[in-house]
Amino acid sequence: MRDIWNDLQNHHSHIKDRPIVDLFDVDGTRFSHFSTNAVDMVLDYSKTNMDGTARGLLFDLMRQTGVEAKRDAMFAGEKINDTEGRAVLHTALRNLAGVPIVLDGADVMPSVLQTLEDMKLFSSAVRDGTLTGVAGKPFTDVVNIGIGGSDLGPVMATAAMSPYHDGPRTHFVSNVDGADIHDTLKGLNPETTLLIIASKTFTTIETMANAQTATDWMKSALSVDDISDHLVALSTAADKTAAFGVKPERVFGFEDWVGGRYSVWGPIGLSLMLAIGGDDFVQFLQGAHEMDTHFKTAPMEQNMPMALAMVGVWHSNICGYATRAVLPYEQRLTRLPAYLQQLDMESNGKGVAMNGVDLPRDSGPIVWGEPGTNGQHAFYQLIHQGTRVIPCEFMVAQSGHEPDLAHQHELLQANCLAQSEALMLGRSVNEARALMAATDLTGDELERQARHRVFKGSRPSTTLIYPKLTPYTLGAIIALYEHRVFVEGVIWGLNSFDQWGVELGKVLATEMQGYVSGADAPDGKDGSTLGLLAALKP
């Protein structure tokens, strides 16, 4: 079999020192060739050092690793998560047309659409005051208690959709640190607060600890034992939710073919639906569904998720860049980098291939970021002049939600475009010398000062431009990144849909709790752990 990885490395060795900006001199239409359109968005990847040869090799790599066949298998409901024997069907949650998806001989769509309808009916009843708490008062606040995928998705999307909020105020608790639940509850009225407990198994330690604290707070404040009118569960464990006091009709379940980090499209997104309403939530699903359709049908050369994945593999494996920075120039996307961090690093942070052998190359990169322009006054110094090259993924809207502040949105756009341009162009030592000469510096001091003002440039970036941050657009953006992660995982030959690396720490934490409390003797523990346990004692 042809070694395309080797071909890519050989090609990169010949072009790695070529400035990115030179590619625009060679091809005046480079932008049109190295950008793609989908779901009213534009993805520009022309500011990378990828050329036509590299892209052709990456297309060949996708074909050789079976990306398209694996994509089709995922949408068809085949059990591609084979370490857990599960299908991967989060896309079914946004299959609004209800096109049949058969799993184990049964169409999953009637159940999916019924759950969506149940969520909409419940959400509407909460929002219009039909459902109330024990005191007969409408709910003014919703507290979502979850962690990981049961928190990051809804907290990110709810913050992003703040212009569409017309329901109860939403709050999110995830950390087992008591400060999180304490600080959230202290400003709320228990008579008008609805608690959503989000845990598929209803056994997640952090979530159940916070849920117990919240229900104790509510029972004490209301002087009642039955607070079932204030409880909702997002779980498949009906026996455990019933034991906790949640009414069966207040339990919204989802199947094991929906992974936690892919679950915002279903019941885990209930807090978002309560905030923005059922109609806008459906628009959120519709945007994702349109990206699904594009991903399934667009040729590889015009396929936006494949293009983004292609850039990621090029940068990570061929160029050797260990991280990627996600930089949304949209304050309401403040939690998107954290959300994508989990999506990417939990999915593709693996060292073993599907066949059980060690991966022959690096897999998922380190994903991090912060909204612009805040990041410009923090870590962009390292991005521009540091010794490590960090590919940047910019995002910016054509228009904002505040027409009276359009001048500020234009300033935001200008900053976004200027940063990607500056990363590519840099500043030469001669340009820096001329800059310093204008300040009347001369000799060694001019040279020293000039050196500090040199930017190497040729630092790669992509830019995603979308019309406006609407529910539809947000759905499309999230689905774009979901599919990008999937494609990269297929190329690397790993399973993007399990997360065994999360499990060991959970097991040890349960054991460690007994040592911390003093209930158990930590016999056989290593010297460091013994020393730390001793240091924790007041």
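Colleague: Which strands does helix H9 lie across, and at what angle does it run to S7?

Modeller: Helix H9 (residues 205–222) lies across S5, S6, S7 and strand S8 (231–234), running at about 160° to S7. Contact here means heavy atoms within 4.5 Å, and angles, which run from 0 to 180 degrees, are taken between N-to-C directions of lines fitted to C-alpha atoms, for helices over the stretch in contact. Helices (H or I, at least four residues) and strands (E, at least two) are DSSP runs, numbered from the N terminus. This is a predicted model, in which local features need pLDDT of at least 70 and side-chain atom pairs count only at pLDDT 80 or more, whereas totals for chains, interfaces and linings use all residues. Residues are numbered from 1 along each chain as its sequence is written, and side-chain values use heavy atoms, with hydrogens and water left out.

Colleague: What makes S5 and S7 paired strands?

Modeller: Two strands pair if DSSP finds at least two bridges between them; strand S5 (residues 141–145) and strand S7 (residues 193–198) are joined by five bridges and run parallel. Val143 stands opposite Leu195 in S7. They belong to an open sheet of five strands in the order S6-S5-S7-S8-S9, with parallel pairing.

Colleague: Why are S6 and S9 said to stand at the edges?

Modeller: Strand S6 (169–173) and strand S9 (251–252) each have a single partner strand, so one side of each is left without a neighbour in the sheet. Helix H8 (residues 178–185) lies across S5 and S6, at about 165° to S6.

Colleague: What makes S10 largely enclosed?

Modeller: Buried means under 20% relative accessible area, exposed over 50%, and partly exposed in between (1.4 Å probe, protein chains only). By that criterion seven of the seven residues of S10 are buried, so S10 is largely enclosed by the rest of the structure. Both faces are covered, with Thr323, Ala325, Leu327 and Tyr329 buried on one side and Arg324, Val326 and Pro328 on the other. Four bridges join S10 to S11, and the two run parallel; Arg324 has Val367 as its bridge partner in S11.

Colleague: Why are H12 and H13 called roughly perpendicular?

Modeller: The axes of helix H12 (residues 278–297) and H13 cross at roughly 75° and come within 8 Å. Angles under 35 degrees count as roughly parallel, over 145 as roughly antiparallel, 65 to 115 as roughly perpendicular and the rest as oblique, and H12 and H13 are therefore roughly perpendicular to each other. At their contact, Met291, His294 and Phe295 in H12 meet Met304, Pro305 and Met306 in H13.

Colleague: Is Phe455 buried, partly exposed or exposed, and what of His289?

Modeller: With a relative accessible area of 23%, Phe455 is not under the limit for buried and counts as partly exposed. Phe455 is found in the loop between helix H18 (443–452) and S13, and, leaving aside neighbours within four places in sequence, is in contact with His384, Gln385, Gly426 and Arg427. His289, placed in helix H12, has 17% relative accessibility and counts as buried. With neighbours within four places in sequence again left aside, His289 is in contact with Arg94 and Asn95.
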